[in-house]
Amino acid sequence: MRRFEGSELVIATHNTGKRDEIADLLSEYGVTLTSNADHGLPEPEETEETFVGNARIKAHAAAKATGLPALADDSGLQIAALDGQPGVRTADWAETPKGRDFDMAMRRAFDALEDISAPHPRTARFCCTLVLAWPDGHDEVFEGTIDGRIVWPGRGDQGHGYDPIFQPDGHEQTFGEMDRWEKNRMSHRADAFAKLVAGCFA
């Protein structure tokens with residue numbers, strides 16, 4: 001496994017919430033973090049059908065464009081009763097002509113479960129795949145998950161995306177009710193990051 005030896009890392013996203021979470025998780029390693037927005041990079045089209053495939057597209061595009069190592073995250077919600085949907089389409093379910101509407105996306109997920117009278121508990125899993133790519137084409141892959149269930153109506157206004165309808169196993173609060181930094185310490189992204197740090201930074 002290749003260690004990260006540089007001083008600057010590009011976070012291959014325009015999502016400021018995701019960038020801030022990553023910055024917090026890597027804060028103790030003295031790495032200067034920039035993002036796609038800082039380099040004026042467009043969002044590449046995500047054409048793969050897996051989290052790792054789409055994370056690779058984003059990481060390698062940023063590394064090639066900047067000449068710096070780049071870290072990309074592809075993550076999503078898999079609902080068991082919906083055969084793992086929305087999965088890699090997690091963000092797509094929120095797309096509207098005016099931008100992303102996650103209230104609509106959460107309603108879509110709930111309606112899909114109601115349409116098939118899915119039994120309770122409606123189990124689900126958040127998944128995160130991280131790809132750390134270097135300009136020479138090498139990459140390392142790390143995957144994290146957290147299990148829970150879908151609740152309705154959604155609760156809380158913290159976090160982002162589908163957080164208000166996801167209640168992680170062993171907890172009474174949804175991700176939407178948890179303090180943002182508390183969630184960061186236990187989330188699917190934290191799981192993947194622990195593996196990244198152990199493999200490439202520690």
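**A chat about the pocket, the cores and some loops**

Mentor: In this predicted model, the largest pocket holds about 710 Å³ of space.

Trainee: Which residues are the closest to the centre of that pocket?

Mentor: The lining is made of 34 residues, and those closest to the centre of the largest pocket are N15, K18, S75, A91 and R100.

Trainee: And which elements supply at least two residues of the lining?

Mentor: Helices α1, α2 (51-66) and α5 (188-201) each supply at least two residues, as does strand β3, and β3 gives the most to this lining, with six residues.

Trainee: How many of the lining residues are nonpolar, polar or charged?

Mentor: Sorted by class, the lining of the largest pocket has 13 charged, 11 polar and 10 nonpolar residues.

Trainee: OK, new topic: in the largest nonpolar core, which residues touch the most other members?

Mentor: That core has 19 residues, and the ones that touch the most other members are L77, I79, F126, I150, Y162 and F166. Two or more residues of this core come from each of β3 (70-79), α3 (102-115), β6 (123-133) and β7, with α3 giving the most, four residues.

Trainee: What is I150 in contact with, leaving aside its neighbours in sequence?

Mentor: Once the neighbours within four places in sequence are left aside, I150 is in contact with L77, I79, L113, R122, A124 and I165. Apart from the core we have been discussing, there lies another core, of 18 residues, which includes L26, L71, L130 and A192.

Trainee: Let's go to the loops, then. Where is G156?

Mentor: You will find G156 in the loop between β7 and β8 (166-168).

Trainee: Why is G156 called partly exposed?

Mentor: G156 is called partly exposed because its relative accessible area is 41%, and partly exposed covers the range between the 20% limit for buried and the 50% limit for exposed.

Trainee: What does G156 touch, not counting residues up to four places away in sequence?

Mentor: With those residues not counted, G156 touches P164, G176 and E177. The C-alpha atoms of G156 and M178 are separated by 7.7 Å, although these two residues are 22 apart along the chain.

Trainee: What about the loop between α3 and β6, where P121 lies?

Mentor: P121 lies in that loop, and the peptide bond that joins H120 and P121 is cis, with omega about -5°. S117 also has its place in the loop between α3 and β6, and here phi is positive at about 50° although S117 is not a glycine.

Trainee: Is S117 buried or exposed?

Mentor: S117 is exposed, because its relative accessible area is 59% and exposed means over 50%.

Definitions and conventions. Residues are numbered from 1 along each chain as its sequence is written. This is a predicted model: local features need pLDDT of at least 70, side-chain atom pairs count only at pLDDT 80 or more; totals for chains, interfaces and linings use all residues. Side-chain values use heavy atoms; hydrogens and water are left out. A nonpolar core is a set of buried Ala, Val, Leu, Ile, Met, Phe, Trp, Tyr and Cys residues joined through side-chain atoms within 4.5 Å. Buried means under 20% relative accessible area, exposed over 50%, partly exposed in between (1.4 Å probe, protein chains only). Contact means heavy atoms within 4.5 Å. On a 1 Å grid over the protein atoms alone, a cavity is a set of points where a 1.4 Å probe fits but cannot get out, and a pocket is an open set with protein on both sides within 12 Å along at least five of seven lines; lining residues have an atom within 4 Å of a point. Grid points are joined across faces, edges and corners, and a volume is the space filled by probe spheres set on the points. Ala, Val, Leu, Ile, Met, Phe, Trp, Tyr, Cys and Pro count as nonpolar, Asp, Glu, Lys and Arg as charged, and the others, Gly among them, as polar.
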